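This report describes a protein model for a reader who is new to structural description. Please keep the sequence and the three-dimensional view at hand while reading.

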Amino acid sequence: MKKALIIGASSGMGKALAEILTKNDYKTGITGRRVELLQSIQNLHPDKIVFRQIDVQEVSSLEFICNEIVNELGGLHLLVISAGIGEENKSLDFSIDDDVIKTDILGFTSLANWGMRYFKNQGYGHLVNISCSIAGIRGNGQAPSYSATKAFQINYLEGLRLNAYKCGISIDVTDIRPCFVNTDMAKGEGLFWVAPVEKAAQQIFLAIKRKKKAAFITKRWLVLGSALKILPYSILKKL
């Protein structure tokens with residue numbers, strides 16, 4: 001039985017992915033801040049799920065807790081980071097930016113760094129990050145820090161992939177790029193192409209199985225994401 005750890009699985013895509021993994025012969029560790037939600041998930045699959053409470057902003061404790069979960073699982077084949085926050089900040093309130101950076105840069109980097117070191121020591125593994133494709137491609141006037149942190153994640157993952165390659169170690173790194181999915185993270189009015197959580201989770205699992213380097217969720221966003229990269233600033237500022 002393969003072993004997986006999902007950081008941020010108390011709700012949304014992380015929770016849906018945990019359900020899929022348990023149905024596909026994975027023993028899975030799940031984490032989050034809301035213990036009661038984690039407990040309710042484990043109650044459905046007591047033999048296949050273990051959980052720990054984690055606040056990814058408390059970076060000094062992340063490595064210890066992750067190692068503790070892996071020891072209980074009996075190993076690790078797949079690490080999925082699905083913990084992130086995003087807030088509109090048109091007023092440029094620094095407390096909002098600070099909160100986003102602590103989660104989406106400091107917490108993310110600590111977890112990804114730990115995961116890669118673990119996999120390098122054992123000689124194999126698969127690191128997956130559920131980022132946000134559109135946000136990381138260009139700047140965003142309504143949420144500047146959020147889009148910047150996603151750009152950081154995209155580039156950090158590519159750096160980790162290159163690091164493993166140059167070390168001659170077979171470690172897969174997958175950058176999952178969901179856009180609008182029907183979760184609490186989908187904020188704003190007039191959103192379009194909003195995918196159901198279950199559909200997004202199924203596509204994420206398929207990308208993991210295929211060990212893709214990057215995958216847009218849902219697939220239709222690939223075209224729009226490619227176009228956004230080359231969109232002139234004169235047009236971008238009018239959106």
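The sections below go from the whole chain to single residues.

## Basis of the report

The model is predicted, and local features are reported only at a pLDDT of at least 70, side-chain atom pairs only at pLDDT 80 or more, while totals for chains, interfaces and linings use all residues. Residues are numbered from 1 along each chain as its sequence is written, and side-chain values use heavy atoms, with hydrogens and water left out.

## The protein as a whole

The protein contains nine helices and seven strands. These elements are DSSP runs, numbered from the N terminus: helices are H or I runs of at least four residues, and strands are E runs of at least two. Of the 239 residues, 47% count as buried. Buried means under 20% relative accessible area, exposed means over 50%, and partly exposed lies in between, with a 1.4 Å probe and protein chains only.

The protein exposes about 12000 Å², of which carbon and sulfur atoms supply 53%. Such areas come from the Shrake-Rupley method with a 1.4 Å probe, and for residues only the protein chains shown count as cover. Among contacts in the protein with a separation of 6 or more, 65% are between residues 24 or more positions apart; a contact means heavy atoms within 4.5 Å.

## Two helices side by side

Two packed helices are described by the angle between their axes and the distance between the axes. The axes of α4 and helix α6 (residues 144-166) come within 10 Å and cross at roughly 10°. α4 is therefore roughly parallel to α6. Axes here are lines fitted to C-alpha atoms, for helices over the stretch in contact, and angles run from 0 to 180 degrees between N-to-C directions. Angles under 35 degrees count as roughly parallel, over 145 as roughly antiparallel, 65 to 115 as roughly perpendicular, and the rest as oblique.

The α4 side of the contact includes Asp97, Val100, Ile101 and Phe108, and the α6 side includes Ser145, Tyr146, Phe152 and Leu160. The residues of this contact divide into 12 nonpolar, six polar and four charged. In this grouping Ala, Val, Leu, Ile, Met, Phe, Trp, Tyr, Cys and Pro are nonpolar, Asp, Glu, Lys and Arg are charged, and the others, Gly among them, are polar. Ser145, in helix α6, has a relative accessible area of 9% and so counts as buried. Leaving out residues up to four places away in sequence, Ser145 touches Asp97 and Val100.

## Buried residues and their contacts

Ile7 lies in strand β1 (residues 2-7) and is buried, at 0% relative accessibility. Apart from residues up to four places away in sequence, its partners include Thr31, Cys66, Val80, Ser82 and Leu111. Ile7 and Asp55 are 48 residues apart in sequence, yet 9.6 Å apart in space, C-alpha to C-alpha. Ser82 is found in the loop between β4 and α4 and counts as buried at 17% relative accessibility.

Phe119 belongs to helix α4 and is buried, with a relative accessible area of 0%. Beyond residues up to four places away in sequence, Phe119 touches several residues, including Leu76, Leu78, Tyr124 and Ile171. The C-alpha atoms of Phe119 and Ser170 are separated by 9.0 Å, although these residues are 51 residues apart along the chain.

## Loop residues

Asp25 lies in the loop between α1 (12-23) and β2 (26-32). Asp25 has a positive phi of about 65° although it is not a glycine, and it counts as partly exposed at 42% relative accessibility. Leu92, in the loop between β4 (78-81) and α4 (94-122), also has a positive phi, near 60°, and is a residue other than glycine. At 56% relative accessibility, Leu92 counts as exposed.

Lys48 lies in the loop between α2 (35-44) and β3 (49-53) and is partly exposed at 25% relative accessibility. Setting aside neighbours within four places in sequence, Lys48 is in contact with Met1, Thr22, Asp25, Tyr26, Lys27 and Thr28.

## Cysteines

How many disulfides are there? The count is zero, where a disulfide is a pair of cysteine sulfur atoms within 2.5 Å. Cys66 is buried at 1% relative accessibility, whereas Cys167 is partly exposed at 43%.
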